[in-house]
Every structure is written in structure tokens, then in C-alpha cells.
Amino acid sequence: MTTTTDTLVSSRAGAPRLPGTWSLGLRRGALEIKQFVRRRDQVIFTFAFPVVFLALFASIFSGQVENAGITASQLYAAGMIAAGIMSVSFQSLGISIAIERDEKVLRRLRGTPMPPAAYFLGKVWLVLATGIAETAVLLLFGATLFDLDLPTTATKWLEFSWIFVLGITGCALLGIAISSLPKSGKSASSVVVLPFLVLQFISGVYIPVGTLPDWLLDISAFFPLKWMCQGFRGVFLPQSAAVLEQAGDWEFGRIALVLGAWCIGGLVLCLLTFRWKSRRDG
Amino acid sequence: MTQLAVDVRGLRKQYGEVTAVDGLDLGIRHGEVFGILGPNGAGKSTTVEILQGHRGRDGGEVSVLGADPASAGRAWRSRVGIVWQDESAPAELTVRETVHHFARYYPNPRDPEQVIALVGLEKKASARIKGLSGGQRRRLDVALGVIGGPELLLLDEPTTGFDPAARRQFWELIRLLAREGTTIVLTTHYLEEAEALADRLAVIAGGKVVAEGEPAALRQSLGTGATVEWTEVDGSPRTLRTETPTRTVAELMHRFDGEIPGLRIGRPTLEDVYLRLTGQLDPQGEEAR
């Protein structure tokens with residue numbers, strides 16, 4: 001331990017100016033990504049999960065879909081991209097924030113002059129980076145192995161982009177909101193994974209919407225995942241496949257509406273429910 | 001308005017039916033090292049958490065560096081350093097990355113490399129936090145507590161779980177910070193720690209301050225009398241607290257007619273004073289069971 005006093009004297013002169021929220025958010029984002037990348041097992045499983053499921057489903061159901069001019073693997077590729085986005089946003093934030101709260105990482109941050117918004121900005125950057133990487137991996141696998149046709153027009157890519165942005169934002173906000181639900185970090189994954197799994201089954205990720213009963217689709221219609229899947233089908237499948245949809249159409253307008261509503265509603269939900277301390281800490 | 005670094009009047013905090021803090025008063029001056037001493041459950045941690053702004057209160061007035069912690073903002077937080085009782089730092093990052101990153105939160109931070117050296121983690125600067133020992137993590141906690149160059153440092157049981165050598169090193173660190181002019185408030189249940197570090201201390205029991213002052217003065221004012229120990233004829237040890245030890249010894253001499261077996265006369269230590277104040281010692285000088 002150093003015992004010389006002269007090395008300790010900090011320059012306290014000058015008017016103290018608090019660092020800006022935006023730049024701290026960028027720094028937190030870099031730190032979040034660094035931590036994510038260093039948990040190698042988490043990286044491998046995060047990216048492998050949807051790819052493995054895509055490979056499984058597309059291999060099991062490999063035939064043509066009647067009267068739609070597409071293969072089943074094309075349907076799964078679109079759905080798996082949506083599920084992948086939800087897993088890096090909803091699932092990963094829901095679990096990681098619950099753990100950070102339980103392990104008092106949040107409390108420590110709250111004890112510093114870091115503005116709370118910088119913490120959330122950092123999470124946004126993490127989710128965006130992992131979401132883009134996840135989607136790129138799936139597009140690559142889908143296009144090379146599972147008949148996924150990448151869009152050739154700028155309009156389709158634009159549609160893809162806004163569904164991606166609105167979808168990932170809505171899911172991330174939902175993830176932040178659900179992180180307040182688990183009582184401890186240990187129970188977080190069970191609490192978060194079950195609703196995510198159910199939504200994947202009823203939103204057209206694992207099971208094509210045409211074979212799902214209407215009442216289940218009516219439930220999934222309340223959540224973003226169904227609309228993300230539908231939107232990505234609209235982007236990646238030919239127009240002939242629209243007959244498979246519940247409404248017989250891609251419904252881009254309604255997709256924008258529901259996803260947009262989740263972005264606003266999710267934000268309100270987060271602002272109302274977010275806690276820096278775990279319930280045990282009172 | 002207030003000249004004190006920490007000014008607490010009539011602080012109250014309830015947890016359901018339990019009253020954790022029950023009309024507590026504290027006045028801590030700028031630049032002093034103030035010890036809050038008390039047994040587990042006396043209300044120390046609750047009090048410190050209220051001073052940190054991390055817990056609400058049910059009554060009383062609290063001013064820390066001139067502001068109410070319950071409503072103070074970012075500028076206030078940048079002037080107060082906190083070392084928590086139980087800590088967690090990002091396991092995947094290195095010591096250096098973490099300290100440098102936290103420095104960014106503050107308007108006028110200390111030099112991160114100097115702080116790392118200050119807490120004696122130079123050799124571990126490039127190590128991931130998950131690989132640090134308990135004592136090393138604690139030193140990292142202190143580094144993160146002082147990185148912002150705080151005017152006031154609040155430490156809650158900072159040396160719990162330290163081995164004696166690490167504790168002495170830690171004390172040196174606290175003295176160093178104190179010499180620099182940092183006001184330091186620390187809770188502890190180690191008496192020697194309070195005696196070694198604190199300019200003044202408050203003994204808390206049952207959510208109230210039961211004694212306050214300089215350690216030596218506390219011992220003198222409250223530690224009157226003496227303890228006389230001897231062994232009875234049947235071989236059983238006896239202890240008596242008395243204001244008149246000489247008379248006790250005279251009586252014993254009379255009874256034993258000569259040498260008194262196992263005779264010892266002790267003046268009370270700070271520990272005796274503390275145990276008596278916190279109700280862990282009955283008036284006969286026997287430890288309460």
C-alpha cells in the first residue's frame with residue numbers, strides 16, 4: 001500500500017461539471033458489450049440457440065407448403081429471426097437485470113452520480129449490438145442452408161429495418177419490466193423463460209400460424225412477437241404466401257401500430273415498476 | 001445553514017412492527033473520523049443507509065453535506081463516497097477497467113492508477129475481478145468508494161472478514177484519507193477499530209445513541225470502578241465489579257487470611273464500557289447469557 005501523501009492530492013480546483021448522460025451511456029454500452037463478449041459460454045449459447053432450432057425445425061418439416069409457393073424452412077427462418085431478436089432483448093435483459101439487482105450492482109451504480117438514463121442507454125447499445133449480430137448470423141444460415149430469399153428491393157429492407165427497431169425496442173422494454181418480477185437473481189431465468197417459450201409457441205415461431213387455433217392467436221396478438229414474425233414473413237416470403245396469414249395479408253400497418261404501442265406502453269411500464277433495490281432490501 | 005458534515009436529529013425508522021432507529025441524534029464535524037459502534041441489529045446499517053440516501057426514514061431531520069439525502073441529486077452524490085457492507089463488482093472486468101470506468105461518472109475524479117496503488121492493488125490491476133480474494137475485493141470496493149474524490153466517505157463495516165494484517169493496512173488507508181481532509185464515517189463492531197481510527201464515536205443500542213465522545217473520554221467517564229477477580233475455596237472463579245476495589249480486597253484478605261487465590265484487579269477497558277452500554281453485560285460484571 002502506498003503511504004506517500006503527495007500522490008494522493010487530487011486536483012479539486014475548477015467548477016465541477018457532471019459528465020453528460022449520452023457519453024456515459026456510450027461508455028456503459030462499451031462496458032456491457034465487453035462483459036457480454038467475455039462470458040464465452042453465454043455468447044456461444046445466445047447465438048447458437050436460434051440457429052440450432054432453425055436447423056432442427058427446417059430439417060424436420062422440409063416440405064413445400066401447399067398453395068403458398070414456399071417451403072416450411074422459409075417460414076421457420078422468418079420466425080426464428082423474430083425469436084432471436086426477442087431472446088437478446090426480452091430474455092437477456094429480463095434475466096441479467098434481475099441478477100444485477102440481486103447482486104447489488106444496481107445499488108452500487110445508484111450510489112454514484114451516474115444518471116440512471118446512462119444505465120439504460122448502455123443496455124440499449126448491448127441489445128442493439130447483440131440483436132444485429134444475432135440477426136446477421138440467422139440471415140446467413142437461413143440464406144445459405146434454408147432457402148431464405150434475402151430481399152432485393154430497398155423497400156423490403158426498409159420494412160425489415162423498422163420492424164427490427166420497433167420489435168427490439170418493445171421487447172427490450174418488456175424485458176426491463178419483467179426483471180422486477182423475480183424475487184431473486186437465481187429464480188430470474190425460470191420467471192423469464194416460461195412466458196417467452198409460451199409466446200414462441202403461440203406466435204408462429206415453432207408452429208405455423210395456419211395450424212394454430214384462432215383463440216391462441218388472439219392471445220399472442222397482444223404481444224410483440226407475433227407481429228414481428230408476421231412482419232418478417234412479409235419481408236422474406238413471396239406475396240403468394242400471404243394467404244397463410246390469419247387475415248390473408250401481411251398487415252404492415254397493424255404491425256407498426258402494435259409494435260409502436262409496445263414501445264410506448266413498455267416505457268411507461270418500466271418507469272412505473274423499475275426498482276434499484278431487490279424486494280428483500282425494502 | 002448547518003456547520004456539520006452530518007447533522008441528524010430525532011431520526012426514526014420502522015420495519016413493520018420493529019423499530020430499527022428510535023430517535024437517533026448525530027453531529028459529525030467536517031474532517032473528522034467518526035465511528036458508529038454497536039452490536040448487530042442496533043440500527044447502525046439502517047442509519048448509514050439513510051445517510052447514503054438509499055433508505056427512506058419515518059421521522060426526524062437529516063442533513064448530509066448540507067442536503068437531505070432522500071432528495072439530493074447527482075451533484076451531491078459526486079461528493080459522497082460509499083463503501084457498502086456487501087459488495088459486488090462486475091466479475092468479467094479487470095480492476096483497472098472498473099476503476100477507470102467509475103472515474104468517468106465523477107466531475108472531478110482522482111487519478112485511477114493512483115487510487116489502485118492507494119488500495120494496494122497495483123499487482124492485481126490487470127486481473128479479472130472474479131479472480132480476486134475477498135480482501136482484494138474489499139480493497140476494490142474502497143477504491144470505487146474514493147475514486148470520485150469524496151468530501152465524505154461512508155463505510156459500513158469495512159473490515160469484516162479481514163485478517164489482522166489486512167485490517168491494519170486498511171486502517172492506514174483510512175488515516176491517509178483522513179489526513180487529506182476527507183470526513184469519514186464508519187460503522188464497526190470491532191472496538192479496537194473504533195479506538196484506533198475514530199476521533200469521536202457514538203455507541204448505538206436499540207436504535208438510540210447511548211454514549212458519544214472521544215474514545216478515551218468515553219472510557220474515563222463511563223469506565224469508573226474496577227473488576228476484582230479471585231478463586232473461591234471450592235475452586236470456582238468469582239468476578240465482582242466495584243467502585244471500591246481496595247475495600248473488596250481488604251475484605252477478601254480477611255476471609256482468606258493471607259494470599260487470595262487467583263487475585264486480579266482490572267480497570268475497565270473500552271470493551272467493558274461498550275458491553276455495559278449496549279446491555280450485553282449485567283451490572284455484576286458477568287456476561288449476559
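Predicted model: local features only at pLDDT ≥ 70, side-chain atom pairs only at ≥ 80, totals over all residues.

Me: How do you know which stretch of chain A to treat with caution?

Reply: Look at the pLDDT, the predictor's confidence on a scale from 0 to 100. Chain A averages 88, and 93% of its residues score at least 70. Over residues 1–13 of chain A, however, the value is below 50. That stretch still has 20 contacts in the model beyond near neighbours in sequence.

Me: What makes a residue of chain A count towards the contact with chain B, and how many residues take part?

Reply: Two residues are in contact if their C-beta atoms, placed from the backbone, lie within 7 Å. On that basis, chain A gives 28 residues and chain B gives 32 residues. On the chain A side, helix 1 (21–38) and helix 4 (105–110) each supply at least two residues. Helix 1 of chain A has the largest share, with 5 residues. By kind, the chain A side divides into 11 nonpolar, 8 polar and 9 charged residues.

Me: Which parts of chain A does UniProt list as "transmembrane region"?

Reply: The unreviewed UniProt entry lists six of them if you count along: residues 43–63, 75–99, 120–141, 161–181, 188–207 and 255–274 of chain A. In the model, residues 41–277 of chain A are 71% helix and 2% strand. Among the listed regions, residues 161–181 of chain A are 86% helix and 0% strand, with end C-alpha atoms 31 Å apart. For residues 188–207 of chain A, the values are 75% helix, 0% strand and 26 Å.

Me: What makes strand 10 and strand 11 of chain B a pair?

Reply: Pairing needs at least two bridges found by DSSP between the strands. Strand 10 and strand 11 of chain B have 6 bridges, in the antiparallel sense, so they meet the cut-off of at least two. One of the bridges joins B:Glu229 to B:Thr239 in strand 11 of chain B. The two strands form a hairpin with 5 residues between them, and B:Gly235 in the turn has a positive phi of about 90°.

Me: And how do you know that strand 12 of chain B belongs with strand 10 of chain B?

Reply: Strand 10 (residues 226–231) and strand 12 of chain B share 3 antiparallel bridges, so this pair also reaches the required at least two. B:Thr227 stands opposite B:Gly266 in strand 12 of chain B.

Me: Why are strand 11 and strand 12 of chain B said to stand at the edges?

Reply: The open sheet runs in the order 11-10-12. Strand 11 (237–242) and strand 12 (264–266) of chain B each have a single partner strand, so one side of each is left without a neighbour in the sheet. The twist averages 20° from one strand to the next. Helix 9 (residues 245–256) of chain B lies across strand 10, strand 11 and strand 12 of chain B, at about 15° to strand 10 of chain B.

Me: Why are some residues of helix 10 of chain B called buried, and which ones are they?

Reply: A residue is buried if 20 or more other C-beta atoms lie within 10 Å of its own. In helix 10 (residues 270–277) of chain B, the residues that pass are B:Leu270, B:Asp272, B:Val273, B:Tyr274 and B:Arg276. Across chain B, buried residues make up 40% of the 289 residues. Just after helix 10 of chain B, B:Gly279 takes a positive phi of about 70°.

Technical notes. Residues numbered from 1 in each chain as written. Chains lettered and ligands numbered in written order. Helix = DSSP H or I, 4+ residues; strand = E, 2+ residues; numbered from the N terminus. Nonpolar A, V, L, I, M, F, W, Y, C, P; charged D, E, K, R; others polar. Axes fitted to C-alpha atoms, helices over the stretch in contact; angles between N-to-C directions. Buried ≥ 20, exposed ≤ 12 C-beta atoms within 10 Å, placed from the backbone. UniProt positions renumbered as here; feature names shortened; annotations may be inferred.
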